[in-house]
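Here is a short note to read alongside the structure.

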Amino acid sequence: MKKPIIGITAHMPQNDPVFQLNPLYAKQITAAGGYPVILAGETVLPPFLDGLLLSGGCDILPQYYHEEPHPLCAYTDPKRDSIEFALCRMALRQKLPVLGICRGMQVMAVCCGGSLYQDIRLQNTAALQHMQNAPRHCATHRVFLRPHSRLYRLLGSEALVNSFHHQSVKDCGDAFFASAFASDGVIEAIEHRTHPFAIGVQWHPEAMRQYLQQNIFLAFLQAAACFHRYKEDTSWKN
Ligand code: MN
């Protein structure tokens, strides 16, 4: 069978034709049996994709969730926001598998009517350290997975994760439910209620060495392979 093709969004610096993407995303897609393709500025989903990976990056412009900017909100890139919202909405409509990582999870929530805390300290002054002072592959805090969620089936009831975020999801919108929490109440993962595979995680599984974290990429690629077969089955109708 052909390898499922996964589009990965990238950071495109303003006035700079060079995109930026941590190679670990592509590496994990390859390791899980997929073929990674970098989306650098595409505003519509290429029809050959079997999955969409929304990568990590800067903050989302607070306007998109109807808030004024707080002084603790960091760098935003409204162009990347609007492109990723459009791609994410299209993917959800087409039932294309979507995996959101860090900012990618926040994009999924906000584009479906959810909102963020512009800084975790505004949610909880006793919050954990979510911008860790440890190497990327190190797990620093625990997350608790919701029973019966897909992530619970992939990771178990509790997992150790890395953490590189200063914002968090306040409201994940009606289409999603929160499927993982840190001990301070911060939402660490969301899952779509009806879509076959639309999951967002606040941590960076692509950078972790824990064997179990690969399950997230394997499940994503399995969903992408199903999507690919479905496309081929129905192609005679077009
Ligand atoms: Mn965290």
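1. Setting aside residues up to four places away in sequence, L52 is in contact (heavy atoms within 4.5 Å) with G7, T9, L39, L45, L87, C88, A91, L96, P97, V98, L99 and F220. Apart from it lies another core, of 31 residues, including L53, L151, L155 and V161. A nonpolar core here is a set of buried Ala, Val, Leu, Ile, Met, Phe, Trp, Tyr and Cys residues joined through side-chain atoms within 4.5 Å. Buried means under 20% relative accessible area, exposed over 50%, and partly exposed in between, with a 1.4 Å probe and protein chains only.

2. Some ground rules before going on. This is a predicted model, in which local features need pLDDT of at least 70 and side-chain atom pairs count only at pLDDT 80 or more, while totals for chains, interfaces and linings use all residues. Residues are numbered from 1 along each chain as its sequence is written, and side-chain values use heavy atoms, with hydrogens and water left out.

3. The largest nonpolar core has 33 residues, and L45, L52, M108 and I190 have the most contacts inside it. At least two residues of this core come from each of β3, α2, α3 (103-111), β9 and β10. Helix α2 gives the largest share, 7 residues. Helices (H or I, at least four residues) and strands (E, at least two) are DSSP runs, numbered from the N terminus.

4. Now the sheet. It is open and holds 9 strands in the order β2-β1-β3-β4-β11-β10-β9-β6-β7, with mixed pairing. Because β2 (35-39) and β7 (158-161) stand at the edges with a single partner strand each, one side of each has no neighbour in the sheet. From one strand to the next, the twist averages 25 degrees. Two strands pair if DSSP finds at least two bridges between them.

5. β1 (residues 5-9) and β3 (residues 51-54) run parallel and are joined by 3 bridges; I6 stands opposite G51, and I8 opposite L53. β3 also runs parallel to β4, again with 3 bridges, and there L54 faces G100. G51 and L53 point one way from β3, L52 and L54 point the other way, and all are buried.

6. What does helix α2 (residues 78-94) touch when it packs on the sheet? Its contacts are with β1, β2, β3, β4 (98-101), β9 (176-181), β10 (187-192) and β11 (198-201), and its direction makes about 150 degrees with that of β3. Axes are lines fitted to C-alpha atoms, for helices over the stretch in contact, and angles run from 0 to 180 degrees between N-to-C directions. Buried residues of α2 are R80, D81, I83, E84, F85, L87, C88, M90, A91 and L92. After α2 comes K95, with a positive phi near 65 degrees.

7. The expected span is 1.5 Å times one less than the number of residues. For the 17 residues of α2 that gives 24 Å, and the end C-alpha atoms are 24 Å apart, which agrees. Helix α6 (residues 214-234) has 21 residues and should span 30 Å; its end C-alpha atoms lie 31 Å apart, which agrees too. Among the buried residues of α6 are F217, F220, L221 and F227.

8. S115 sits in strand β5 (residues 115-117) and counts as buried because its relative accessibility is 11%. Its C-alpha is 8.3 Å from that of H66, which is 49 residues away in sequence. Q118 lies in the loop between β5 and α4 (120-123) and is buried, at 3% relative accessible area. The side chains of Q118 and E67 make a polar contact of 2.9 Å. A polar contact is a pair of N or O atoms within 3.5 Å; within protein, one must be able to donate a hydrogen and the other to accept it, and residues adjacent in sequence count only if both atoms are side-chain atoms.

9. A polar contact of 2.7 Å joins its side chain to that of Q123. Leaving out residues up to four places away in sequence, S168 touches Q106, L116, Y117, I120, Q123, V186 and Q202.
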